[in-house]
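Work through the exercises below with the structure in view. Try each task before you read its solution.

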Amino acid sequence: MDPAIIVHGGCGYITPDDEKLLKEECLKASVIAGLKLMEEGGSSLDAVEVAVTVLEDSPLFNAGVGSALRSDCSVEMDALIMHGKDLKVGSVAAVKGVKNPVKLARLVMEKSEHVQLCGVGASNFSQKMGLEKVSDEVFKTPKQIRSLEKCLAIKSKQGGCDTVGAVAIDTNGCIACGTSTGGIIGALPGRVGDVPQIGSGGYADNSIGGVSTTGSGEDIARVVLARLILFHMEQGHTIQKSLEKSLHYMKEKTGTIIGGAIVIDKNGEIGMDFISPEMSWASLRAKIHWGMLATAKWRIRFLKGALKFGESRRQVEH
Amino acid sequence: MGEVKPTILIHGGAWAIPDHLVKDSVDGVKIAATVGYSVLNKENGTALDAVEAAICSLEENPAFDAGTGAVLNAAGDVALDAIIMEGKELRTGSIACVQNIKNPVKLARLVMEKTDHVMLVGQGANIFAKEMGVPEVPKTDLVTPEAVKYWEEYSKYKEAVHDLFNNKIKGAQGHDTVGAVAIDRQGNVACATSTGGITGKRVGRVGDSPLIGSGGYCDNALGAASTTGHGESIMKVLLARLVLQNIQTGLSTQTAAERALEYMEQRVGGAGGVIAINNKGEIGKHFTTERMPWATISEETLEYGIEPKDHYRETMTKS
């Protein structure tokens, strides 16, 4: 099996022009780091962890550094990591002071008897595991501070759904997924969205595939989106059809148009789709592809080799 | 919608319930079913109100690991999880690791109805409770001598229990989650699940109960399910959502429940129990642990049991 990886940088947020190139570079760095690890013999679990870490460390995305702020101006983060072989999974919810929540999620999976830790318990566990405790200030960016001020001033519904995520398949055909977020702007402290809810923010099962989602967290959770996509694939639908059916269902039931997902199936096929105006993503298997902005058109640019440009989001060539 | 008979189904936890707790467990689920059914059977009775009332009854019953009677975490504290969901619009609310609240399911409902969120955890959840005027009760109100006894044994034999977690008999640990599913006259389904978790769980541990699709799920198009058992296994297979997926593929509610538990055992080695109801009001209940107390009422008939082969029936007397 050729290892492959796909990452997303979230949807529900229109990237300003001056950030587009920076985001693209970061997404590319993320997939390159993940694929390199797998080509050196690492597992898909290692790959998604490193890919998500690259995105968490970038202030451009709403995860780790750059996380959205809660209504009391604090930072609380959620993350999930899952391995498709034995359905091993770890997640953290509303955790503070941990620079890379996806690393902590993996430690929950591998070093505890549990699947999810939240709040103070999660932070205590991270220190026990030797992860450095960092202050909220490390995560706060001027952009997010401005966004919160705006949100509180106009008492608007919270927004900004820039979760990051990754799905990978390694040479053994093992699939893993990871998702990480700071949540929505102005959320109540203690609010947990879809990300750490297994089956909503992500799911991985070697017999079907792996998914990471992004969008309106509450609405994703209500339809258990990641698992729904995989249910359709189990019924024999293509990745694309499964994504369309699931996202359309979520829109119908909840009214949201903020949603997207990335997928790799058990045969190593890659797919993505979104019903929001934009979702930034990148995928890599021998050739790198990246895409953003799908209103009327999107761009596919290749690092090496081939050569097709597409106007439709369905034309993902590898 | 055709004539749906209002129906409620309750469980009081799937685990190796010791003999001395059998009577209280069976009595407790029967009472909860009766409480829930009396709400359901009113002219405008809703499934959502019914499951909330039934779960409150179980939370206030010290025989069960939910609310009063909840087991203690590693720090010797009570940390409670709950979820409630309705099947018409898929609205849901859940809370996890909340302390010193008498009825976690009520707080979960407030999350659903008074916030834009679906889940609140830890200190944030307790702050929200205070803002909603939900009284905080002293820990001693919720802690029972039984819970303390389990915690002391756990603390003494911590290493042995750790092995117990990781061995194949994952259902061996106490699993006294409580749950309810119901369907009302309008054909609306609802589910709710509530728990104190497992003895000695790490501070901040969130099990399956409050996670959407794991501890419970419902959808008017399919039905409702509530689960109990080894939480970590339930989460890995998304047991409640899996039961409904099985119903979607055409299986009866009973077979859907059985297949889901078989899958959990095969795939991740976990034991547990499921109660479910489809959108026609047909129930299913199954467990792979030694015992699971359950009770159901429909058309003035109460059925209940606790052992695998139990099926007792009583006609409800009109008072």
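## Exercises with worked solutions

**Exercise 1. Explain how A:Arg222 and A:Asp219 are placed to pair along helix α6 of chain A.**

Keep in mind that this is a predicted model.

Step 1. A:Arg222 and A:Asp219 are 3 residues apart in helix α6 of chain A, so about one helical turn separates them.

Step 2. Recall the helix rule. An α-helix has 3.6 residues a turn, so residues three or four places apart point the same way.

Step 3. Check the distance. The closest N and O atoms of A:Arg222 and A:Asp219 are 2.9 Å apart, and the two form a salt bridge.

Step 4. Check the surroundings. Buried means under 20% relative accessible area. A:Arg222 is at 13% and counts as buried. A:Asp219, at 11%, is buried too.

**Exercise 2. Find which of A:Lys20 and A:Asp17 is buried and which is exposed.**

Step 1. Locate the two. A:Lys20 and A:Asp17 sit 3 residues apart in helix α1 (residues 17-39) of chain A, separated by about one helical turn.

Step 2. Look at the contact. Their side chains meet in a salt bridge of 2.7 Å, N to O.

Step 3. Compare each value with the cut-offs, under 20% for buried and over 50% for exposed. A:Lys20 has a relative accessible area of 18%, so A:Lys20 is buried. A:Asp17 has 63%, so A:Asp17 is exposed.

**Exercise 3. State which parts of chain B are tied together by B:Glu52 and B:Arg109.**

Step 1. Confirm the bond. B:Glu52 forms a salt bridge with B:Arg109, with the closest N and O atoms 2.6 Å apart.

Step 2. Assign the helices. B:Glu52 lies in α2 (residues 47-59) of chain B and B:Arg109 in α3 (residues 104-114) of chain B, so the pair links parts 57 residues apart in sequence.

Step 3. Check burial. B:Glu52 counts as buried at 13% relative accessibility. B:Arg109 is buried as well, at 14%.

Step 4. Turn to chain A. There, salt bridges with shared partners join A:Asp46, A:Glu49, A:Arg106 and A:Glu110 into one network.

Step 5. Over all chains, the whole structure has 28 salt bridges.

**Exercise 4. Decide how far helix α3 of chain A is covered, and by what.**

Step 1. Count. Of the 11 residues of α3 (residues 101-111) in chain A, 8 are buried, and the helix is mostly covered.

Step 2. Name some. Among the buried residues are A:Leu104, A:Arg106, A:Leu107 and A:Met109.

Step 3. Find the cover. Chain A elements over these buried residues include α2 (44-57), β3 (88-95), α4 (119-128) and β6 (175-181).

**Exercise 5. Describe the contact between chain A and chain B.**

Step 1. Size it. Chain A gives 46 residues and chain B gives 44. The area buried between the chains is about 3700 Å², with 59% from carbon and sulfur atoms.

Step 2. Count the links. There are 2 salt bridges between the chains. In one, the side chains of B:Arg202 and A:Glu113 meet at 3.7 Å, N to O. Polar contacts join 18 residue pairs across the interface.

Step 3. Sort the chain A side. Helix α6(A) supplies the largest share, 4 residues. By type, the side of chain A that touches chain B has 22 nonpolar, 12 polar and 12 charged residues.

Step 4. Follow the strands. β4(A) and β7 (residues 205-206) of chain B run antiparallel, joined by 2 bridges. A:Leu117 has B:Arg205 as its bridge partner in β7(B).

Technical notes. Residues are numbered from 1 along each chain as its sequence is written. Chains are lettered from A and ligands numbered from 1 in the order in which they are written. This is a predicted model: local features need pLDDT of at least 70, side-chain atom pairs count only at pLDDT 80 or more; totals for chains, interfaces and linings use all residues. Side-chain values use heavy atoms; hydrogens and water are left out. Buried means under 20% relative accessible area, exposed over 50%, partly exposed in between (1.4 Å probe, protein chains only). Contact means heavy atoms within 4.5 Å. Buried area is the accessible area (1.4 Å probe) that two parts lose on being put together, summed over both. A salt bridge is a side-chain nitrogen of Lys or Arg within 4 Å of a carboxyl oxygen of Asp or Glu. A polar contact is a pair of N or O atoms within 3.5 Å; within protein, one must be able to donate a hydrogen and the other to accept it, and residues adjacent in sequence count only if both atoms are side-chain atoms. Ala, Val, Leu, Ile, Met, Phe, Trp, Tyr, Cys and Pro count as nonpolar, Asp, Glu, Lys and Arg as charged, and the others, Gly among them, as polar. Two strands pair if DSSP finds at least two bridges between them.
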